[in-house]
Amino acid sequence: MTKNILKMAMMLVAMMLPYMAFAQKQTFALYDEPTGCPDWEPELTVFVAKNPNGMAILACPGGGYQGLAMDHEGFNMADWFNAQGITYGVLRYRMPHGDKTVPLADASKAMRIMRSHAEEWHIDKIGVMGSSAGGHLASTLSTHYADAVTRPDFQILFYPVISMDLAITHRGSHDNLLGKNPSATDEELFSNEKQVNANTPPAFVMHSFGDDVVPIENSINYVKALVDNGVKNCSVHFYPVGGHGWGYNDSFIYKRQWTGELEKWLRELRGVLK
């Protein structure tokens, strides 16, 4: 019995070591007053790297603008990024509920909060990351930012929704963000491949062929827009299989490849952005 208890205690300590070694967790309400959101109040959870390298990432989990995959597209990556010296924030943003400006407002506010702690956390470059509909939000922040404070220094996109063009969009994300009968103006405005310019931050883009939720054309068209506008230091990875929504899951057979390539890109980008 004593040996079993000791073994369980050692296992528990081993599970907690990553948190003890790498992260100081802090949670921030985005706004001083309640927003009245019917789902949840928006908040930012930040895992501050113990040995910071100057970089930080704001993660926007996906969920079709109707929910959030907070674990495998959010919290589960905290230890991995912290181990690289990267401070890592996970955003619980509000769903639109008829107001298309809400997700971007939350992402912009989260960027302001992270930059306001830059000296304390020893960070000077902050990127945005997003998966699926969260990839749409990340690419929206990267192409619709309001000022230098809210502009990401780089973007990381997992199988992102990019376009609101009905021919290639994810219809659920489209309808939840813009409504079922939006104006052509709104569809074009939130088709982020059409909003790229020379000041759009460099991107690391991942997608799987055969993604039957978000067509790979979303990433292809976004990458083409980056190239056409002369955005440098980008990295693009298309995998032959894998479907949609793999995030940080071990079940994705190319996890070792994408994690290794992203680590390498971030190291190289750090030198470029100095």
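This is a predicted model: local features need pLDDT of at least 70, side-chain atom pairs count only at pLDDT 80 or more; totals for chains, interfaces and linings use all residues.
**Entry 1: helix α8**

I next examined the partner of D228. I found a salt bridge between K224 and D228, whose closest N and O atoms are 2.8 Å apart. I placed both residues in helix α8, which covers residues 217-228. K224 and D228 are four residues apart there, about one turn of the helix.

**Entry 2: other salt bridges**

I took the count of salt bridges, and it comes to 10. I looked at two further pairs.

I examined D124 and R270, which form a salt bridge with the closest N and O atoms 2.8 Å apart. I located D124 in the loop between α4 (118-121) and β5 (125-131), and R270 in helix α9 (residues 255-273), so this pair ties together parts that are 146 residues apart in sequence. I then checked accessibility for both ends. D124 is partly exposed, with a relative accessible area of 43%. R270 counts as buried, at 12% relative accessibility.

I also examined D250 and K255, whose side chains meet in a salt bridge at 2.5 Å, N to O. D250 counts as exposed at 67% relative accessibility, whereas K255 counts as buried at 13%.

**Entry 3: D106**

Which residues does D106 touch, not counting residues up to four places away in sequence? I located D106 in helix α3 and listed L30, Y31, P42, L91, Y93 and R94 as the residues that D106 touches under that condition. For one of these, R94, I found a polar contact of 2.7 Å that joins its side chain to the side chain of D106. I recorded a relative accessibility of 0% for D106, so D106 counts as buried.

**Entry 4: packing of α3 and α5**

I remained with helix α3 (residues 102-116) and turned to its packing with helix α5 (residues 133-144). At what angle do α3 and α5 pack? I read an angle of about 70 degrees, with the axes 10 Å apart. That makes α3 roughly perpendicular to α5, because the class runs from 65 to 115 degrees. From α3, the contact is made by P103, L104, A107, S108 and M111. From α5, L137, T140, L141 and H144 take part.

**Entry 5: N82**

I located N82 in helix α2, which covers residues 78-83. Is N82 buried or exposed? I recorded 4% relative accessibility, so N82 counts as buried. I then followed the side chain of N82 and found that it reaches the backbone oxygen of F47 at 3.1 Å.

**Entry 6: A69**

Where is A69 placed? I found A69 in the loop between β3 (55-60) and α2. Leaving aside neighbours within four places in sequence, I listed P61, G62 and G74 as the residues in contact with A69. I also looked up the separation of A69 from R92: the two are 23 residues apart in sequence and 9.7 Å apart in space, C-alpha to C-alpha.

Technical notes: Residues are numbered from 1 along each chain as its sequence is written. Side-chain values use heavy atoms; hydrogens and water are left out. Helices (H or I, at least four residues) and strands (E, at least two) are DSSP runs, numbered from the N terminus. Buried means under 20% relative accessible area, exposed over 50%, partly exposed in between (1.4 Å probe, protein chains only). A polar contact is a pair of N or O atoms within 3.5 Å; within protein, one must be able to donate a hydrogen and the other to accept it, and residues adjacent in sequence count only if both atoms are side-chain atoms. Axes are lines fitted to C-alpha atoms, for helices over the stretch in contact, and angles run from 0 to 180 degrees between N-to-C directions. Angles under 35 degrees count as roughly parallel, over 145 as roughly antiparallel, 65 to 115 as roughly perpendicular and the rest as oblique. Contact means heavy atoms within 4.5 Å. A salt bridge is a side-chain nitrogen of Lys or Arg within 4 Å of a carboxyl oxygen of Asp or Glu.
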